[in-house]
Amino acid sequence: MHNAVANYLHFMCAALVKFRQTGAIVPSQRFLIEKMIAPVPETYAGRIIELGAGNGALTLRLAARCPEARILACEINPALARVNRHNLDRAGINGRVQVIPDSAEHLLSEMDRRGQGKADYVLSGIPLGNLRSDRVFAIVDAVSRALVPGGLYIQFQYSLMDRKKIRTRFQAVRTVPVILNVPPAVVYYAQK
Ligand SMILES: C[S@@+](CC[C@H](N)C(=O)[O-])C[C@H]1O[C@@H](n2cnc3c(N)ncnc32)[C@H](O)[C@@H]1O
């Protein structure tokens, strides 16, 4: 089977089994991915954290755009994390991209506890709109702690529901709509 079709089917299965957690029925598409990765310079050689990496639609494009960056991607659904790793391996992208089958909350709190280095960029596709408010605040706070001062949190969503919550924790938030995606999305660029 063609890999792109297989990726769509894997993602749709995940959505069928756990819709609230998966948050969409298909992986992100070109225009949304471009808006998500555009602020990261191609020459960036530091650490990027990706939360809710799914089966790697964004991970792969980010890794291709920034060949010198180290990417730490986490995905709560182990089946999607496996497909993500497989797709990276097929593309010949190994050591510099790690895919952790874990929740964003756990990964970020472990990084914080161990005093691991902070990131300049955190990209996220976590469906905040499907989570309780306290969990959204916990994730947004943990993202803020994981960023260096001036770092950028880039989050896509399918509604504006959680924009205010992000604004309470970040000094500047810019919102950009992406109509050409299924479903249409918004991207938040939140600067620490
Ligand atoms: C809307 S999908 C985006 C997937 C991928 N980034 C893309 O753009 O195609 C959201 C992803 O976040 C994952 N997810 C949901 N809650 C999570 C959490 N607390 N920690 C890590 N991943 C989570 C879901 O399993 C799903 O793969």
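Helix 1 (residues 3–17) and helix 5 (residues 78–90) pack at an angle of about 165°, and their axes lie 10 Å apart; because angles over 145 degrees count as roughly antiparallel, under 35 as roughly parallel, 65 to 115 as roughly perpendicular and the rest as oblique, helix 1 is roughly antiparallel to helix 5. The model is predicted, and local features are given at pLDDT of at least 70, side-chain atom pairs only at pLDDT 80 or more, while totals for chains, interfaces and linings use all residues. Residues are numbered from 1 along each chain as its sequence is written, and side-chain values use heavy atoms, with hydrogens and water left out.

**Helix 1 and helix 5**

- The crossing of helix 1 and helix 5 is left-handed, a term for a near helix turned anticlockwise from the far one by less than a right angle, with clockwise giving right-handed.
- Asn 3, Asn 7, His 10, Phe 11 and Ala 14 of helix 1 make the contact with Leu 80, Val 83, Asn 87 and Arg 90 of helix 5, where contact means heavy atoms within 4.5 Å.
- Sorted by class, this contact of helix 1 with helix 5 holds four nonpolar, four polar and one charged residues; Ala, Val, Leu, Ile, Met, Phe, Trp, Tyr, Cys and Pro count as nonpolar, Asp, Glu, Lys and Arg as charged, and the others, Gly among them, as polar.
- Axes are lines fitted to C-alpha atoms, for helices over the stretch in contact, and angles run from 0 to 180 degrees between N-to-C directions; helices (H or I, at least four residues) and strands (E, at least two) are DSSP runs, numbered from the N terminus.

**Helix 3 and helix 4**

- The axes of helix 3 (residues 30–37) and helix 4 (residues 57–65) come within 10 Å and cross at roughly 50°, which means that helix 3 is oblique to helix 4.
- Helix 3 passes helix 4 in a right-handed crossing, and Arg 30, Ile 33, Glu 34, Met 36 and Ile 37 of helix 3 meet Ala 57, Leu 58, Arg 61, Leu 62 and Arg 65 of helix 4.
- The residues of this contact of helix 3 with helix 4 comprise six nonpolar, no polar and four charged.

- The side chain of Gln 29 reaches the backbone oxygen of Pro 27 at 2.9 Å, and, leaving aside residues up to four places away in sequence, Gln 29 touches Tyr 8, Asn 181 and Val 182.
- Val 182 is in turn joined to Pro 183 by a cis peptide bond with omega of about -5°, and Pro 183 is found in the loop between strand 6 (172–178) and strand 7 (185–191).

**Gln 157 in strand 5**

- Gln 157 belongs to strand 5 (residues 147–157) and counts as buried at 5% relative accessibility.
- The side chain of Gln 157 reaches the backbone nitrogen of Leu 128 at 3.3 Å.
- With residues up to four places away in sequence not counted, Gln 157 touches Ile 126, Pro 127, Leu 128, Gly 129, Asp 162, Ala 185, Val 186 and Tyr 188.

**Arg 114**

- Arg 114 is placed in the loop between helix 6 (104–113) and strand 4 (119–124) and is exposed, with a relative accessible area of 53%.

Note on methods. Polar contact = N/O pair within 3.5 Å; in protein donor to acceptor, adjacent residues only side chain to side chain. Buried < 20%, exposed > 50% of the residue type's maximum accessible area, 1.4 Å probe, protein only.
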